[in-house]
Amino acid sequence: MKMLPFAAAALLALGGCAAPFNAKVSRFQQLPPAASGQSFVIRAADPRNDGGIEFGQYAQIVSAKLAAQGYQPAADAAHANLIVKLGYGVDKGRERTVSYGPGYGAGFGGGFGAPYWGGGRFGGRFGYYGRSRFAFGFYDPFLLDDGVTSYTVYTSELDLRIDRADTGQSVFEGTAKAQSRSDDLPYLVPRLTEAMFTGFPGNSGETVKITIAPEKK
């Protein structure tokens, strides 16, 4: 059965690599206008992820973004001016249905799955995060009866907090959230990071929508 434009557009909007990646970014900050050579180390918001290969890959991405802003990586926390705490995660998803029969209705089927970050539930703004491997990969829509298409929508989140190493005072708190049809963190985290550092450090208390262009093939 041929899919009508309305349903096709709805599916594409929450698709994977072929569509732009949209994120909402909220930032609160008291950073100086320029980095002036301050040094930093990156730690996992969930200490259990420190030293992990997956976390290390994401930390390298964040480190490169900070270096581009004028900050310098430190050899260890004892020689760092700033402590950067990185958290990330994706929820269990929810089913969404699109009707392309008479009326062209659209809605959500089911409810939100309980979000899991690491081994437990999402534990607060800068709580414990990690990889929950209840599901992996890309969920394609499937056709139901009566001209209805169903697919899974996932909500992902990246949190970044920067504290002064000497006093522990927070100087930056940021959250980037997105909805997509992928729960694949190696796909999601780099894009959430790109959104977080677009216009960094941003206006304190402001929430903005950031659109990341799809990768060129």
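Tyr-88 is buried, because its relative accessible area is 3%; buried means under 20% relative accessible area, exposed means over 50%, and partly exposed lies in between, with a 1.4 Å probe and protein chains only. The model is predicted, so local features need pLDDT of at least 70 and side-chain atom pairs count only at pLDDT 80 or more, whereas totals for chains, interfaces and linings use all residues. Residues are numbered from 1 along each chain as its sequence is written, and side-chain values use heavy atoms, with hydrogens and water left out.

## Aromatic pairs

A search of the whole structure finds four aromatic pairs. Rings of Phe, Tyr and Trp (its six-membered ring) pair if their centres lie within 6.5 Å; planes under 30 degrees apart count as stacked, over 60 as edge-to-face and the rest as tilted. One of the pairs joins Tyr-58 and Tyr-88, and its geometry is edge-to-face. Tyr-58 belongs to helix α2 and Tyr-88 to strand β4, so this pair ties together parts that are 30 residues apart in sequence. Helices (H or I, at least four residues) and strands (E, at least two) are DSSP runs, numbered from the N terminus. Tyr-58 counts as buried because its relative accessibility is 1%.

Another pair is formed by Phe-172 and Phe-200; with planes at 45°, it is tilted. Phe-172 lies in strand β11 and Phe-200 in the loop between α3 and β12, so distant parts of the chain, 28 residues apart, are linked. Both Phe-172 and Phe-200 are buried. Phe-172, Phe-197 and Phe-200 form one aromatic cluster.

| Pair | Centre to centre | Angle between planes | Class |
|---|---|---|---|
| Tyr-58 and Tyr-88 | 4.9 Å | 80° | edge-to-face |
| Phe-172 and Phe-200 | 5.0 Å | 45° | tilted |

Phe-200 also takes part in a cis peptide bond with Pro-201, with omega at about 0°. Most peptide bonds are trans. Pro-201 lies in the loop between α3 and β12.

A ring may also meet a charge. The charged end of Arg-181 sits over the ring of Tyr-151, 5.7 Å from its centre; this description requires NZ of Lys or CZ of Arg within 6 Å of the ring centre and within 35 degrees of the ring normal.

## The chain as a whole

The protein chain contains three helices and 12 strands. Of its 217 residues, 45% are buried. The chain exposes about 11000 Å², of which carbon and sulfur atoms supply 54%; the areas come from the Shrake-Rupley method with a 1.4 Å probe, and for residues only the protein chains shown count as cover. Among contacts (heavy atoms within 4.5 Å) with a separation of 6 or more, 76% are between residues 24 or more positions apart.

A nonpolar core is a set of buried Ala, Val, Leu, Ile, Met, Phe, Trp, Tyr and Cys residues joined through side-chain atoms within 4.5 Å. The largest such core has 38 residues, and Leu-66 and Leu-86 have the most contacts inside it. Elements that give two or more residues to this core include β1 (21–29), α2 (53–68), β4 (82–90) and α3 (185–196). The largest share, seven residues, comes from α3. Not counting residues up to four places away in sequence, Leu-66 touches Phe-40, Tyr-71, Val-84, Ile-162, Phe-197 and Phe-200.

Nine of the 12 residues of α3 are buried, so this helix is largely enclosed by the rest of the structure. Among the buried residues of α3 are Leu-185, Leu-188, Arg-191 and Met-196. Their cover includes β1, α2, β4, β10, β11 and β12. The expected span of a helix is 1.5 Å times one less than its number of residues; for α3 this gives 16 Å, which agrees with the 16 Å between its end C-alpha atoms.

Val-98 is in strand β5 (residues 94–99) and counts as buried at 1% relative accessibility.

Asp-183 and Gly-93 are 90 residues apart in sequence, and their C-alpha atoms are 8.1 Å apart.

Ala-80 is in the loop between β3 (72–73) and β4, and its relative accessibility of 9% makes it buried. Ala-80 touches Ser-39, Phe-40, Val-41, Ala-74 and Ala-165, not counting residues up to four places away in sequence.
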